[in-house]
Amino acid sequence: MSEDSTSTEHDSGAVRLVHPGERVGVHEGAEAGHGIRRINGELVAMRMGTLSDNGNTISVDPVSSRYVPRAGDLVIGLVEGMTNNIWFLDIGASFNAILPMSLAPWKVEFGAVREHLNVGEAVLCRVQEVDETHSSVATMKGMGLRKLKSGLLEEIPPHIIPQVIGQGGSMLQTLKDLGDCRLVIGQNGRVWIDGEHGGMHAVRAALKLIRDTAHLPGLKERINALANE
Amino acid sequence: MGYEDYQCMDENGIREDGRKADEMRPVEIECGVVPVADGSAYIRWGKNEAIAAVYGPMEAHPRKIQRQDRAILDVRYNMAPFSTSDRIRPGFNRRSREISKVTRDALESVVNLELYPRSKIRVEIEIICAEAGTRCCGITAASVALADAGIPMSDMVVSVAAGKCNGIVLMDLNKPEDNYGEADLPMGILPMTDELVFLQMDGDLSMDEFQLAWDYNVKAAHDVHVIMVEALQKRYGGDV
């Protein structure tokens, strides 16, 4: 079966699903990108996803993934716990991020962290640093970083964020117009929606549609059809 | 019926369930059966039925089990109390511990654990109905569930078993053949390279019999791999 699959045209524009261990061809001179390894001169897919060829790099866009934090990411965190001077934030990664009181936007007294942020509350923050064992530090110092007091949170898999934003933010704008809502998309796949109840409901429905069908072509048309209903 | 009396094959070379010596039981796989899991798979292999679910990577607890340079696989194989005619006492036992361990060892050889330091990937295998060959069934389902969860792997482990009954080497033993048979050879194979990642042998096989059982297993692994890939493609809307 591998002989058949290697002969498939990867640059024909059609979506090609690959599975772990699938040989995707030799591709002389091409770089092995995310989800691809070169084994004995041949490129091999390492995860389930769609094959993408960005010029000189062959990579796999995964069909499912978990958030891996990177420094500088804008994320939405949920407070899971705290000590006297640190909050622990669930940012959807394998490990909780820490938010020290020195990186909070308020003047916090030692031992009074709960007065500013309590368990279960949501914050818009940025990942300040990530070490090699994936431990991360979050910060709330920066423009627009704040506690989220209204609206609702929706989750999407992190790998479909580029599709939710769209080219030049076109899809994001469509979603904002659809529900007349404010939207913030965290790199960790959490989406903050704030607006009227009906509008938020419409954006939620659109996000569900994107989540379910992001791997299939024609997403823009489907969302436009939903917006026109 | 004693062990001597059991006849696994008739004079035309057809087994009790209508298969030939080198034929497997029918296999069906479906992905995404556990919506809350990161990846999951249901497998029906003859009368065997199993569900595998994958969660993670997540923080490994307690901290003493964390590895600073890689993730750990936490595999739990369990048979439901109702999966056999004799009720299985719930909880771990010697057999389920052994199968959990060999499954973990087989899967560790393909999963890129070094990408997730200090983490844990939880693999749960639940046997719903058992009719010989549940460890193969579980490993195969777990491989599909890991792929479904988007865990990076160098290949998918396919596990199949051949054995011997009445002195005849048979592919994929069913319950009576396994009970009255002389040997069982479950193997875990990486279909893209035909590498072996798991082998157990229960009973005795001569060198020729072992070679024949091996050849049966390698061929069957490729057949099952096609079904695994079809299940994954079906889940994500690809052309099958």
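**Exercise 1. How many bridges join strand β2 (residues 39–45) of chain B to β3(B), and do the two strands run parallel or antiparallel?**

Solution. Keep in mind that this is a predicted model.

Step 1: Take the pair itself. β2(B) and β3(B) are joined by 7 bridges, and the strands run antiparallel.

Step 2: B:Ile43 sits opposite B:Ala50 of β3(B).

Step 3: Look at the connection. The two strands make a hairpin with 2 residues between them, and B:Gly46 in that turn has a positive phi of about 65 degrees.

**Exercise 2. Work out which other strand β3(B) pairs with, and whether β3(B) is mostly covered.**

Solution. 

Step 1: Go to strand β5 (residues 119–129) of chain B. β3(B) pairs with it in the antiparallel sense, over 9 bridges.

Step 2: B:Glu59 has B:Ser119 in β5(B) as its bridge partner.

**Exercise 3. Locate the largest nonpolar core and the element that gives the most to it.**

Solution. 

Step 1: Size it up. The largest nonpolar core has 91 residues, and those with the most contacts inside it include B:Ala41, B:Ala52, B:Leu107 and B:Leu146.

Step 2: Find the top contributor. Helix α4 (residues 207–235) of chain B gives the most to this core, with 10 residues.

Step 3: Zoom in on one member. Beyond its neighbours within four places in sequence, B:Leu146 is in contact with B:Gly39, B:Val54, B:Leu107, B:Val111, B:Ile151 and B:Met153.

Step 4: Another one, of 22 residues, lies apart from it, with A:Tyr67, A:Leu103, A:Ala104 and A:Cys125 among its residues.

Background: nonpolar side chains tend to be buried together in soluble globular proteins.

**Exercise 4. Decide whether A:Ala97 is buried or exposed, and say what it touches.**

Solution. 

Step 1: A:Ala97 belongs to strand β10 (residues 97–100) of chain A.

Step 2: Count neighbours. A:Ala97 counts as buried because it has 26 C-beta neighbours inside 10 Å.

Step 3: List contacts, skipping residues up to four places away in sequence. A:Ala97 touches A:Pro69, A:Gly77, A:Leu89, A:Ile91, A:Val127, A:Ser136, A:Val137 and A:Ala138.

Step 4: A:Gln128 is 31 residues away along the chain, yet the C-alpha atoms of A:Ala97 and A:Gln128 are separated by 9.8 Å.

**Exercise 5. Sketch chain A as a whole, then its contact with chain B.**

Solution. 

Step 1: Tally the elements. Chain A has 6 helices and 16 strands, and its C-alpha atoms fill a box of roughly 65 × 45 × 25 Å along the principal axes.

Step 2: Turn to the contact. Chain A puts in 22 residues and chain B 29 residues. On the side of chain A that touches chain B, the residues divide into 9 nonpolar, 10 polar and 3 charged.

Note on methods:
Residues are numbered from 1 along each chain as its sequence is written. Chains are lettered from A and ligands numbered from 1 in the order in which they are written. This is a predicted model: local features need pLDDT of at least 70, side-chain atom pairs count only at pLDDT 80 or more; totals for chains, interfaces and linings use all residues. A nonpolar core is a set of buried Ala, Val, Leu, Ile, Met, Phe, Trp, Tyr and Cys residues joined through C-beta atoms within 7 Å. A residue is buried if 20 or more other C-beta atoms lie within 10 Å of its own, exposed if 12 or fewer, and partly exposed in between; C-beta atoms are placed from the backbone. Helices (H or I, at least four residues) and strands (E, at least two) are DSSP runs, numbered from the N terminus. Two residues are in contact if their C-beta atoms, placed from the backbone, lie within 7 Å. Ala, Val, Leu, Ile, Met, Phe, Trp, Tyr, Cys and Pro count as nonpolar, Asp, Glu, Lys and Arg as charged, and the others, Gly among them, as polar. Two strands pair if DSSP finds at least two bridges between them.
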